[in-house]
Amino acid sequence: MDAAIAKHYRLADPFPTTWSDPIEDNQVVHRKATRASTARYSVLQEESMSLRSSGNVLDTTIPQDETDPLGTSSSIVRVLRQRGLPVDENLLLRNRYLVSSKTFSPAAFLRDVHSNDTTEQLSRGLEFLSRSIDQKSESLKVLVENNFDRFVAAKATIEGVYTEMKQTNLNKEQEWGLAGIKTPLMDAGRKADEIFGPVMVNRGKEEKYRAVLGLVEKHKDLLEIPNLIIDAIKRKDYELLIEEYQKARKWVTESRALTQKVAKLQEAQLHQIIIAEKVWIEVGKIVEEFKRDTWKRLVDTKQEDNFLELISILLELGVEDNPIWVWLLSRYDYLKNKLNRMFERARIEIEALRRKVAQAPTPSNAVIAMHLRSSFRRIPIGTLALDTPEIIALWELINTSLTTILSPQGGILSEVLTFWETAQNFIDGKTQATLPVGIDDQSRKHHRISEDGTKTLRAGAIELITILRDSMCALFQEPPIEDISSIYSPLPDTPATPVSVPSTPGGFVPMSPMPLRTPSKGGLRKDPGDEFAFLPPGASSLGGVHYLSKILTLLGNAACLLAELPIGHQVQEKLKSMIVGARERCVHAVCIGWLRDAQNCKVLEDWTRAPENRDVTKMPAQFLQVEAAVIGGMQKLLYLSEVKSSEIIPPPSTKLLTHVRGQFVKSLYKALQGMLENTKRPMATEEWNAEQETLASPVASVAPRNMVSGMVDQSDKNVRVLLTLSNIQLLKSELIPQLISQFESAFSIQLTDESKTIRDALSQLDEQLFTEYTRPHLLHLTTLITTSILSPYWCPPSHPPPSSVKPYIHKSLLHLVHVHTEVNTTSPALTTIIVSHLSERICHLILESFQKRLDNADTPAKAFTLPALLQATLDVEFVTSVLGSQYTTQRAQEYQRGVYQVLDRGSSEEARSEMQRELGKVKTILHNERKGTRAELYVF
C-alpha cells in the first residue's frame, strides 16, 4: 500500500476488516481518563459532555439536517437513524456528519453514511460533489465580477489603514500596538477572571446538573426504590418492601438482558444498565441489613407473635438458611431454657419461704381451733382461714408457681402444646400452603422438612415434656434443696427469662443477704413434713387437701394434655409414674397434717353445750366436720376426680389405700385421746380469752364466757368427765359410724375389722370415763355402808325393835341425790345410767356387808336376831321404795334377794316366824320414813 494513502486515511493495517480511527479512539480514551468526578452517578456527566461543542457552547446556526453532499440521499439524519446511531439525542454526534458544522468529520461521514457504497458509487458521488463545488465557485466568481470595484476600493482602504497603523504603533517595538493597552488588558483579564470565573464555572456545573437532572427525572422510578424500601422497613409495610424489591430485581434483570440482546449498546441503554446496577447494589445492602435484623427478630419472636410474617418475608426475599427450621429450633431452645429457669427459680423461692415458715412461732390453741373450725364456717372459700398467714402464703406461692408452669392457658405448658401443634403443622405441610415460594421458586426448597428434621423436632418436643415431668418429680418426690443462695444474687435476665416471675405472697422472704438455716440444721422446730419440699411446716390437713387437690388436678390435667400428643408409650408411662409418685407423696404429706389435726381437735373443746343437743358439747360435731372435710379432700387427692380425662390417671394402689385407711383409724384414736386429755388438763378460761384477743382473723370468734346459756363449769373435773362421757356415747352411737360410712363410700372399701376395733376402743374409753367418774362415789359409799353394817353397834342383841331406817341408808341415798343432781344438770342422758349403777352397787355393798357379818359370827345360825332381821329388812325395803323401778336394775333386785337369803341363813326359825308377825309394823315405819324424807329424796 502507498504510504501516503495509509497516512492520509490513518490506516495501520493494509487490509482492515473494520473501520478504525486512531484519533477518535484516543479522544475517547482521553475523555474516559479525565472524567471529572467519581461520584455515584458520575457516569451521567458523559451525557452533559456530549451536549457541549468544542467551545463549550452549542452552535445553534447548524441546521437540523442536510442533504447528502454526495447526492445519494435527501436526509443524512434519516440514514444515520437507519444505521442505529442516536443522532437525535446526541447533537455532537449529529454535527460530525453535517458539512456545515465545524466539527464535520469526513472519515466518520464516509464510514457511517456510505459504509455500504461501492467504488463506483463513491466515484459518482465524487463527481457530484465536484459539480456542486464548481457550481458554488461559479456563483462566487459572478459575485466577485459584479462587485469588483467595491472589492478594489475596500482593499485599497484596508492597505492604507494598515500602512498608517504600521508606521505609528503597529510595529514590533510597540508590540504591534498592544504595548499601551497590554497592562490594562491584563488587569482587566485578571479582574474578569475573578468576577466571571466562578460564573463560568458555575455555568459549567449547571450544565452538568441539568444533564444529571434529566437522567434522574428519566429514571426517577428506579432511583426512588432504595428510599421506598427504607421507608417501608421503618413503617413495617412489608408488602411494599417486597413489591419494590421485586421491581428493582426486574429492572436489573432487564438491564442485564440488554447486554445479551444488543451487540452495541446505545448511550441511553448504557446509562440504564449502570443506574440499574448501582441501584441494585444499594438495594442489596439495604435488604441484606434488613434480613440480618429479621433473622434476629425471628429468633426472638414468641409463639403468640406473628412469626409467620417474618418467615414469609425471608422466604419472599430469598435466604440460604431455612427460616422455618431456624425458628422452630430457636423456639425449642427458648422453651427449654425458660422451663428450666422458671422451675429452678420457683423451687428456690418455695424453699426460701418454707424455711421462713419453719421459723415462725407455734400458733396458739385458739388460733389452731379457729383454723379447724374454718371447715364448716359459712364463708366463701376465698376468705377461709385454713391456716396461718405464713402457711397460706406458701401454699399460694406453690400454687401460683405451678400454675405458671402447668396451666394450659398462659402457662409454659400452653407454649409447649402450641409449639408441638405448630411444629406438626409444619411437618404435615399445612402451614407452608400459605407461605410464599420466593422469586423464581427459590424458597420452595425451604417448605419441606426432611425426615431427619422431623425426628429432631419430635425428639425436642419429647425432651421438653421430659424436662417438665422431671421438674415435677423433683418437686414432689425429692427432699428440699439445700442451696438457695441464688435468690440473693439472681442471674441477669436472658431471652429465656420469663417476663415476670411470680412474687412471693406475703413478703416472708427476707431481702437481705443473711443466710437462712435449713430445717435439719440450726435448731429449727422439727416437723415430720421436713422431707417434703412442697409442704409448709406445720400445715393443717384442711389447707393441705384444699391446695394439694388443686395442684394435683392441675398436674393431672397437664399430664392428660401431654399424653394426647404422639409421644410414644414410654413417655406416657413416665407421665403416669409422675402422677402416681406425686399423688402418693401428697397423700403422705396430708396424712401428717391429718394426725396433727386429729390430735389438735382437743382444742375445739370450749365446754359449750351444743344447741341441738344440750347433753353434749359442740366438740363432737366439729370433729365430725373436720374429719368429713379431710376425707372428702383425701378422696379428691386419691382419685383426682376433677381431672378432665382419666385415661392416664391410674387408680390408687392398694398400699396407698391401706395407708389412708390406717391414718383414718389413727386420727380417730388421736382425737379420742385428746378428748380424754381434756378431762384431766382443761385449758384455762383466762388463757383462752387472752388468745382470742390476739387473733387477727376475718372470722369473728366468741369466747366461751360470752355464751352464758351454754356455759358449764369447766374447772369441775366431774363436769368435764360427764360431758366427755356424753360426747363419747354420741360418737359411738352416731358420729363415728357416720364417718366410717363416709370413708367406705368414698374409697369403696369395707372397714369391718377397723369398725370393730374402733367400737372396742370407744367402749374402753367409755368404761374408763364411767369408772373415773363413779369410782370416788363408790369409795365413799363402800366406806359408809361397810363401816355401818359391820359395826358392832349396828344392831346389838339387846337392841329393841327398830323404829327407823339406819343413818347410813339416809346418807347413801342423799349421796345419790347429789350425784343425780350433778349428772342431771350436766348431762341428763347419763342420769339413769349412773344412778342405776350406783344403786346397784349400794345393793351389792349391803349384800357383801351382811355376808361378812354372817361369816364373822360365832354362831352363824344366830347371827341375826329378830331386831337385826327387822332392821335389815327395813333398810333394804326403804332403798327399794325410794329408788323405785327407774333406778333399780335386775341385778340390784338379785342383790336384794341375796340379802334376804343371807338373813335367812343367819337367823333361827323362831326369829323368822316372829318377823312375819312384825311385818305390819315394818310397813308402817317404812311408810312414815318415806313420808318424812320426801323432800330430801324428791329427785327419786
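Author: Strands β1 (residues 609–610) and β2 (residues 613–617) pair in the antiparallel sense, over 2 bridges. Two strands count as paired if DSSP finds at least two bridges between them. A hairpin of 2 residues joins β1 to β2. Arginine 609 stands opposite threonine 617 in β2. Helices (H or I, at least four residues) and strands (E, at least two) are DSSP runs, numbered from the N terminus.

This is a predicted model: local features need pLDDT of at least 70, side-chain atom pairs count only at pLDDT 80 or more, and totals for chains, interfaces and linings use all residues. Residues are numbered from 1 along each chain as its sequence is written, and side-chain values use heavy atoms, with hydrogens and water left out.

Now helix α32. Helix α32 covers residues 919–932, 14 residues in all. From first C-alpha to last, α32 reaches 20 Å, close to the 20 Å expected at 1.5 Å a residue. That expected span is 1.5 Å times one less than the number of residues. Val922, Ile925, Leu926 and Glu929 are buried in α32. They cover an arc of only 105° around the axis, so they lie on the same side of α32. The arc is that of the directions from the helix axis to the C-beta atoms. Lys923 and Lys931 are exposed on the other side of α32. Buried means under 20% relative accessible area, exposed over 50%, partly exposed in between (1.4 Å probe, protein chains only). What covers the buried residues of α32 includes α27 (807–826) and α29 (866–887), where contact means heavy atoms within 4.5 Å.
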